[in-house]
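This report walks through selected features of one protein chain. Keep the sequence and the model side by side while reading.

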Amino acid sequence: MCSDNDIAHVRATLHRLILDELQLEPDDLPLDRPFYEVANSSLTLVETFRKVGDTFGVRPSLRQVFDRYHTVEGLAGYLVELMNARPAAQPEQSIALGEGYARLPLTEAQQQLLFLAELRDEAATAWNETIAVRLTGDVDEEALAAAFQSLVDRHEALRARLAKGGEALVVARSATATLQRHDLAGADDPRAALAALLAAETETPFSLEQSLFRGQLVTLDGLAVLVLSGHGLVVDRPALHALLSELSAHYDRHRVGAAIPAGREGGLAEAQQDRSRPVDRDFWRARFADRIPELDLPRDRARPEVEPEEEEPEDT
């Protein structure tokens, strides 16, 4: 537990850090003044809070910070709560490839998406991507289930989950992919039951620390529908269509006993993490330290000094 002296130290350290990041004087930011009154933009605050988390070894919820702990005094108390609740050991921090897992840093786009998803409850399903296709002909359900497993085997993004703390994706070397099956033939109105199932699927949030991709096979009255859903952290709409095409190829191969070996991604995130972001930031801050130049766009004609009054339309 933190003592009063520790809390005072957290408050003082936090105050200095935020002043440095926002380039403010102490009088500009009293301990009880909201951050958003002095920051240039919310993106600047997000970057600042990320550095705050790195400094204190915790990950404050952006939603909590913006809604409740938006002053130095409030945020300091929140950080102390997080540090007191922090477990003595964090196993995920030591996960290695040899133990069956890998850690991939989030790309910048994933970090932005996660930030938006944290802000409000209604954002929990805003990043769900779902595709449903009707299957024709006789469906070999066992071959389709095996093809779904091969799809997950090949793409590490489909075996990923969000690490505790949200700073990376934890990817299992292997994972059992279960294609959930639903037989709606016995429903009073199978078509209505199918529509309800699809609507519910789009509104079912993912547990980000457990799984980010799922599949279902729905059958009813001679009709089969395949449903694939993924969270925006790992798939988007074009990716789902590409996965569907690949799944079809796996299905054909499994019907004759062939398969595709697993692949690997993650290079983009690693490349972005290698970039020296402080250097980039310092460069642009120095470049525009005096003033931000006015954007002088060319015009095809001079703008009038006085906006002309609108004339009444004439009857013709």
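This is a predicted model: local features need pLDDT of at least 70, side-chain atom pairs count only at pLDDT 80 or more; totals for chains, interfaces and linings use all residues.

Start with Glu-73. Its relative accessibility is 37%, so Glu-73 counts as partly exposed. The side chain of Glu-73 meets that of Arg-11 in a salt bridge, with N to O at 3.1 Å. The pair joins distant parts of the chain. Arg-11 belongs to helix α1 (residues 4–22), while Glu-73 belongs to helix α4 (residues 72–85). They are 62 residues apart.

Arg-11 has a relative accessibility of 22%. The cut-off for buried is under 20%, so Arg-11 counts as partly exposed.

## Overall make-up

The chain holds ten helices and seven strands. It has 316 residues, and 37% of them are buried. Take the contacts between residues at least 6 apart in sequence: 71% of these join residues at least 24 apart.

## Other salt bridges

Side chains of opposite charge can pair when their charged atoms come close. How many salt bridges does a search of the whole structure find? The search finds nine.

One of them is local. Arg-50 pairs with Glu-47, and the closest N and O atoms are 3.0 Å apart. Both residues lie in helix α2 (residues 42–56). They sit three residues apart, about one turn of the helix. Arg-50 has a relative accessible area of 30%, so it is partly exposed. Glu-47 is partly exposed as well, at 25%.

Another bridge runs from a strand to a helix. Arg-181 forms a salt bridge with Glu-141, with the closest N and O atoms 3.2 Å apart. This pair also links distant parts of the chain. Arg-181 is partly exposed, at 39% relative accessibility. Glu-141 is partly exposed too, at 30%. A network of salt bridges links Glu-141, Glu-142 and Arg-181.

## Packing of α6 against α8

Two packed helices are described by the angle between their axes and the distance between the axes. Here the helices are α6 (residues 141–154) and α8 (residues 237–254). Their axes come within 8 Å and cross at roughly 125 degrees. Angles from 65 to 115 degrees count as roughly perpendicular and those over 145 as roughly antiparallel, so α6 is oblique to α8. The crossing of α6 past α8 is right-handed.

Which residues of α6 meet α8? They are Ala-143, Leu-144, Ala-146, Ala-147, Phe-148, Ser-150, Leu-151 and Arg-154. From α8 come Leu-243, Glu-246, Leu-247, His-250, Tyr-251 and His-254. By class, the residues of this contact divide into nine nonpolar, three polar and two charged.

## Val-171 in strand β4

Is Val-171 buried or exposed? With 4% relative accessibility, Val-171 counts as buried. The residue is found in strand β4 (residues 168–172).

Leave aside residues up to four places away in sequence. Val-171 then touches Gly-100, Tyr-101, Ala-102, Leu-104, Glu-156, Arg-159 and Ala-160. Ala-160 is eleven residues from Val-171 along the chain. The C-alpha atoms of Val-171 and Ala-160 are separated by 4.3 Å.

## Positive phi in two loops

Gln-23 is a residue other than glycine with a positive phi, near 55 degrees. Its place is in the loop between α1 and α2. Gln-23 has a relative accessible area of 57%, so it is exposed.

Asp-221 is not a glycine either, yet its phi is positive, at about 45 degrees. Where does Asp-221 lie? Its place is in the loop between β6 (213–220) and β7 (223–231). Asp-221 is exposed, with a relative accessible area of 58%.

How values were computed:
Residues are numbered from 1 along each chain as its sequence is written. Side-chain values use heavy atoms; hydrogens and water are left out. Axes are lines fitted to C-alpha atoms, for helices over the stretch in contact, and angles run from 0 to 180 degrees between N-to-C directions. Helices (H or I, at least four residues) and strands (E, at least two) are DSSP runs, numbered from the N terminus. Angles under 35 degrees count as roughly parallel, over 145 as roughly antiparallel, 65 to 115 as roughly perpendicular and the rest as oblique. A crossing is left-handed if the near helix is turned anticlockwise from the far one by less than a right angle, and right-handed if clockwise. Contact means heavy atoms within 4.5 Å. Ala, Val, Leu, Ile, Met, Phe, Trp, Tyr, Cys and Pro count as nonpolar, Asp, Glu, Lys and Arg as charged, and the others, Gly among them, as polar. A salt bridge is a side-chain nitrogen of Lys or Arg within 4 Å of a carboxyl oxygen of Asp or Glu. Buried means under 20% relative accessible area, exposed over 50%, partly exposed in between (1.4 Å probe, protein chains only).
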